[in-house]
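I opened the model to look up its folds and how its chains meet. My entries follow the order in which I checked things.

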Amino acid sequence: MIWSEVRQTYPNRWLIIEAVEARTLDERRFLDKIAVMEVCPDNAEVMSAYERWHQAYPQREFYFAHTGREELDIRERRWLGIRRNDATRALR
Amino acid sequence: MRLALYDDLPFVSLALTYRGATVTIAQVLIDTGSASTIFAARVVAPIGILPEMTDDVYTVRGIGGTEAVFTRRIDCVAIEAQAVNNFEIEVGGMSYGFDIDGILGMDFLTRAGAIINLRDLRLDFGCSAL
């Protein structure tokens, strides 16, 4: 689906969505194809749900979003990330 | 403030204040490789930091995938007596498979004038409260 279709199907709801197809242009992320993963009752539940999905599938691209928003308007930031020393860890 | 090393990574504890409510957060990584500061949604939800429909949403991309975050301006981030007021944080899932509640990035560390002392394992501050 595209965002306007998602909004029509799930009006005024908090959702967990997955970016099935997406691209970055000028530090903005555009989701061309969206899958709806979960419908959440409120903004507290949507963050717990996001954490669950992100933990279960760390390589996939999920978002929390409210369908009241006309545009998703996602901006991109870069971060190197934590590198753990797994070899040291294994020795303990 | 004493730095704790877990898996060779430096952690501190700190206090966040939002709309008058304060929460203490135990496991926050000091990360000079991160431009911004991020906290796990589960540790800031108790003081009412939850996503709103109008929030700016970012995707933070790095090694190991992407993380969706919303941003929120909070009253104060404090490490012992050192407080930075009116500070913007990111809030996300932060499920990296190990125990971490937040990341203190360069935005906080520079504003607070942090001195990371790895010889004595301390985080000190070179200036008075901001």
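**Chain A, elements.** I looked up the secondary structure of chain A and found three helices and four strands. Helices (H or I, at least four residues) and strands (E, at least two) are DSSP runs, numbered from the N terminus. Along the sequence I read the pattern α-β-β-α-β-β-α for chain A.

**Basis.** I note that this is a predicted model, in which local features need pLDDT of at least 70, side-chain atom pairs count only at pLDDT 80 or more, and totals for chains, interfaces and linings use all residues. Residues are numbered from 1 along each chain as its sequence is written, while chains are lettered from A and ligands numbered from 1 in the order in which they are written.

**Chain A, burial and contacts.** I found that 27% of the 92 residues in chain A are buried; that term asks for 20 or more other C-beta atoms within 10 Å of a residue's own, with C-beta atoms placed from the backbone. Of the contacts in chain A between residues at least 6 apart in sequence, 60% join residues at least 24 apart. A contact here means that two C-beta atoms, placed from the backbone, lie within 7 Å.

**Where A meets B.** I then counted 32 residues of chain A in contact with 30 residues of chain B. On the side of chain A that touches chain B, at least two residues each come from helix 2 (43-56), strand 3 (62-66), strand 4 (74-78) and helix 3 (86-91). Helix 2 of chain A gives the largest share, eight residues. I sorted the residues of this side into twelve nonpolar, nine polar and eleven charged. Ala, Val, Leu, Ile, Met, Phe, Trp, Tyr, Cys and Pro count as nonpolar, Asp, Glu, Lys and Arg as charged, and the others, Gly among them, as polar.

**A pairing across the chains.** Strand 4 of chain A pairs in the parallel sense with strand 5 (residues 57-62) of chain B, over five bridges. Two strands pair if DSSP finds at least two bridges between them. I located R78(A) opposite R61(B) in strand 5 of chain B.

**Chain B, strands.** I traced strand 2 (residues 9-18) of chain B, which runs antiparallel to strand 1 (residues 4-6) with three bridges. Seven bridges join strand 2 of chain B to strand 3 (residues 21-30) of chain B, also antiparallel. These two strands form a hairpin with two residues between them, and R19(B) in the turn has a positive phi of about 50°. Strand 2 of chain B is also joined to strand 6 of chain B by three bridges, with T17(B) opposite C76(B).

Definitions and conventions:
A residue is buried if 20 or more other C-beta atoms lie within 10 Å of its own, exposed if 12 or fewer, and partly exposed in between; C-beta atoms are placed from the backbone.
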